[in-house]
Amino acid sequence: MRYYFDRHKIPWHIHPKLQFVRHTTPLHLYTSEDLIWSSYKKQNYPHLLEEFATQAIPVHKENIVAVLRNNDMPDIFENEQKLKHNSAGDNSFRHIGNVSVESALNATPVLNQFLHDIHEAEFDGKGGNIVHMARTVYCFYQAIMRSCLRDNKPAVVTCIDKRVLEGLVELFDNLFVDCIFTYTMPEKQKTGRKPTSDTGVAMTSAERQRKRRALLKQQQNA
């Protein structure tokens, strides 16, 4: 919404008493440096979830674990309680100090394309990160904050997607990465060359969008 307001020059401000203050309570994170989790990987590479479980179980041990995962994913921990994806405001997990974030919540290609189209200039070169931060990481943040962090007590969090770390560093001052999880990553499929401009330089997201719209208009006129 902020990018929409900025693009259309709609003035906005945050009330002085409602400014976000970065959390200072210690958060101990166990995460990945290279895995981007998705529904596709969940369906086609089940060994990734198995490798996550092998590394996450010793972290939480026998503690109660508040878990955020998709409905089609298996249970991992002996003593776990499931969080809802719309858990903001729920106070029933604040006695729990261990959280596991495992959901695949990426925007669909159609929604991503829509957001890129209406925010072309502002999103240029960084659209995916902005969309993921606003939608997915914020949802994960709300789930994590259902824990004892609400009472300013340290919490231990395991997460399967590396982008959770990239988002949480903006929200917590005392974030400690206690361990990096490793995975047997699937080989990347080779793709065609990225579209280039007349000078041979790779086109930006905004340039690709303009070229696509010009081509569509040309086809319609024909």
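This is a predicted model: local features need pLDDT of at least 70, side-chain atom pairs count only at pLDDT 80 or more; totals for chains, interfaces and linings use all residues.

Visitor: Is the pair of Tyr30 and Phe181 stacked or tilted?

Guide: The ring centres are 6.2 Å apart. The planes sit at 40°, so the pair is tilted.

Visitor: Which strands hold Tyr30 and Phe181?

Guide: Helices (H or I, at least four residues) and strands (E, at least two) are DSSP runs, numbered from the N terminus. The pair links distant parts of the chain, 151 residues apart. Tyr30 is in strand S1 (residues 27-32) and Phe181 is in strand S6 (residues 175-181).

Visitor: Are Tyr141 and Phe172 buried or exposed?

Guide: Buried means under 20% relative accessible area, exposed over 50%, partly exposed in between (1.4 Å probe, protein chains only). Tyr141 has 9% relative accessibility, and Phe172 has 2%. By those values Tyr141 counts as buried, and Phe172 also counts as buried.

Visitor: Which residues do ring pairs link into a cluster?

Guide: Tyr141 and Phe172 form an edge-to-face pair, with 6.2 Å centre to centre and 70° between the planes. Tyr141 lies in helix H6 (residues 127-144), and Phe172 lies in the loop between helix H7 (162-168) and S6. Ring pairs link these two into a cluster that consists of Phe20, Tyr138, Tyr141 and Phe172.

Visitor: How many disulfides does a search of the whole structure find?

Guide: A disulfide is a pair of cysteine sulfur atoms within 2.5 Å. Cys139 is buried at 13% relative accessible area, and Cys179 is partly exposed at 32%. The search of the whole structure finds 0 disulfides.

Visitor: How many salt bridges does the structure hold?

Guide: A salt bridge is a side-chain nitrogen of Lys or Arg within 4 Å of a carboxyl oxygen of Asp or Glu. One of them joins Glu80 and Lys82, with the closest N and O atoms 3.5 Å apart. The structure holds 9 salt bridges.

Visitor: How many residues apart are Arg22 and Asp173?

Guide: Their side chains meet in a salt bridge at 2.6 Å, N to O. Arg22 is partly exposed at 34% relative accessibility, and Asp173 is partly exposed at 44%. Arg22 is in the loop between H1 and S1, Asp173 is in the loop between H7 and S6, and the two are 151 residues apart.

Visitor: Which residues do salt bridges with shared partners join into one network?

Guide: Asp161 forms a salt bridge with Arg163, the closest N and O atoms being 2.8 Å apart. Asp161 is buried at 4% relative accessibility, and Arg163 is buried at 14%. The network formed through shared partners joins Arg69, Asp75, Glu80, Lys82 and Glu102.

How values were computed. Residues are numbered from 1 along each chain as its sequence is written. Side-chain values use heavy atoms; hydrogens and water are left out. Rings of Phe, Tyr and Trp (its six-membered ring) pair if their centres lie within 6.5 Å; planes under 30 degrees apart count as stacked, over 60 as edge-to-face and the rest as tilted.
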